[in-house]
2 protein chains.
Amino acid sequence: MQKLVECVPNFSEGRRISVIKKIANSAKKISGVRVLDVEWDKSHNRSLVTIVGAPEPVLKAAYEMIKTATEFIDMRQHKGEHPRIGATDVVPFVPVSGVTLDECVLLSNKLAQKVAKELKIPVYLYEAAAKRSDRVNLADVRRGEYEGLSKEIGTNPDRKPDYGPSKMHPTAGAMVVGARKYLIAYNVNLDTKDVGIAKKIASKIREKSGGLSGVKALGFEVGGFAQVSMNLVDFEKTNFDQAYRTIEKEAKKLKVGIKSSEIYGMIPLEAIVRAIKTTFMAEKFNPDQLLEKRLYE
Amino acid sequence: MQKLVECVPNFSEGRRISVIKKIANSAKKISGVRVLDVEWDKSHNRSLVTIVGAPEPVLKAAYEMIKTATEFIDMRQHKGEHPRIGATDVVPFVPVSGVTLDECVLLSNKLAQKVAKELKIPVYLYEAAAKRSDRVNLADVRRGEYEGLSKEIGTNPDRKPDYGPSKMHPTAGAMVVGARKYLIAYNVNLDTKDVGIAKKIASKIREKSGGLSGVKALGFEVGGFAQVSMNLVDFEKTNFDQAYRTIEKEAKKLKVGIKSSEIYGMIPLEAIVRAIKTTFMAEKFNPDQLLEKRLYE
């Protein structure tokens, strides 16, 4: 299986399109890396670039984008609604196929080290890459944002970065790098207008209340119907097909059916293959059986 | 969606590996064509090469293989258990994605015309490409095999080829070309040793007895368990997920469960996407949501 890592760096620039393009172009130049998506938001004054490829090229492309962002973004001038501590704010590495989360933790460390050494930016590691339990959650690492961290970084030992100097980069601020699993956004629309039922099911299935592993769920009203909206943060533990069946069962108890479901955004082939294997008890099914996949290897 | 056609020419050579390699190599030389598989059988004295690619390159590769087979196979010397009428015996074109069956019929005609004109081989069209109802079934076209057809081709108007001369090519004999839909081989293993139950379910679900469209089914014993073994000859009408659910329902009536299921050989992404859409009522699911697919386009 080919090794594929996704990386989705977030930059503190959502207004100057020319700068966002320059950042994305630094990744496009790296052979073996594909830029899948570039998004920006003016009120957040923030952009994100989704790249995919083999681990080493992705590492290289992430570094080149950070270098460009460091050159063109000045945090002293930055205003925006979204929390942020630096020009390149957060850089998650995500395993897609043939790569473990541990390998992504290693990539995070390599990137952090290089950025600290060559760009003199303080770097914090978060999520699976965190070296301290109080840095697992991104919100904790970003506490006080750019302005607050600037005051604390040199004096508070709890804010000492994992790599790099204990002072903010003059223009780029600080940065968070880490590794997390692939997140699948999955919604199930119920055949009822009663949003209370969606909320009830959501609270039953979410991990926090003892439900399914790696499932975050909320009940919403969407287009006049009740929707269970989920983030599946570990599809190897709970995949979308299992979420579907569990919701179907819970809804049935409340005399409600499922109207439709929706995989939102991109999904790794691995998750589709796992769903086929489980749903049809087809344990031997292998991604290499896909005609299209064979064509490109 | 990229246009992809599969072609699986069958050649009357299963013993001289060097000749089989020469045939496959003539396809490998064509840019835009991928040789997915080469198989041969000594007692059948027959080989088949599976190629995939865009329609025009596949057409070109098929012609090049036929030309090589014409050069190296002499039907006057050929002995083998499998029915055959020529050096290149049968050439089916199969739509995989972004291509209709009609486009494959057009390819069949183009190939037949070129082979008739340039190699002077008589060509019959079969299945979806058939121009006469008595040529839809391959067995009817191959009646009498090479030896029998040699005697009839010049005298019996019912054996007049669709393209090319009404006489056998001195060494290559005759050829059948056509178009058919992608065939999915799918087996469902029942949680019983009673093969009678598999046979009963098979006879209930097969199209011939008024069951599911495009489903051929047989009951077997495999590894001590009863198996419903299917060929799904039109997955747009009946896909593997529907076959699974129908068998599950029929088995339940007979108090039997499903032990496992198995997709045998290769399957187009389109069939997987359709199964996800139907099973999880995810009507909006699109092959472009697959991360891996996006990487190569």
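1. Let's start with the interface: 33 residues of chain A are in contact with 33 residues of chain B, contact being C-beta atoms, placed from the backbone, within 7 Å. On the chain A side, β3 (33–41), α7, β11 (258–264), α8 and α9 (291–295) each supply at least two residues. Helices here are DSSP runs (H or I, at least four residues), as are strands (E, at least two), numbered from the N terminus. By class, that side of chain A divides into 21 nonpolar, 4 polar and 8 charged residues. Ala, Val, Leu, Ile, Met, Phe, Trp, Tyr, Cys and Pro count as nonpolar, Asp, Glu, Lys and Arg as charged, and the others, Gly among them, as polar.

2. Before going on, keep in mind that this is a predicted model, where local features need pLDDT of at least 70 and side-chain atom pairs count only at pLDDT 80 or more, while totals for chains, interfaces and linings use all residues. Residues are numbered from 1 along each chain as its sequence is written, and chains are lettered from A and ligands numbered from 1 in the order in which they are written.

3. Now the symmetry. Chain A superposes on chain B by a rotation of 180 degrees with 0.0 Å of shift along its axis, RMSD 0.0 Å (least squares on C-alpha atoms of residues with pLDDT of at least 70 in both). The two copies are thus related as by a two-fold rotation axis. Both use the same surface, as 100% of the contact residues of chain A recur in chain B.

4. On to the helices: the axes of α7 (residues 240–253) and α8 (residues 269–279) of chain A come within 8 Å and cross at roughly 50 degrees. Phe240(A), Asp241(A) and Gln242(A) of α7(A) meet Ala271(A), Ala275(A), Thr278(A) and Thr279(A) of α8(A). That contact has 3 nonpolar, 3 polar and 1 charged residues.

5. Last, the domains. Chain A splits into domain 1 (4–179) and domain 2 (184–291), bounds that come from an automatic or database domain assignment. Their C-alpha centres lie 31 Å apart. Residues 3–181 of chain A are 34% helix and 24% strand, with end C-alpha atoms 15 Å apart. For residues 182–294 of chain A, the figures are 35% helix, 27% strand and 23 Å between the end C-alpha atoms.

Methods:
Axes are lines fitted to C-alpha atoms, for helices over the stretch in contact, and angles run from 0 to 180 degrees between N-to-C directions. Two residues are in contact if their C-beta atoms, placed from the backbone, lie within 7 Å.
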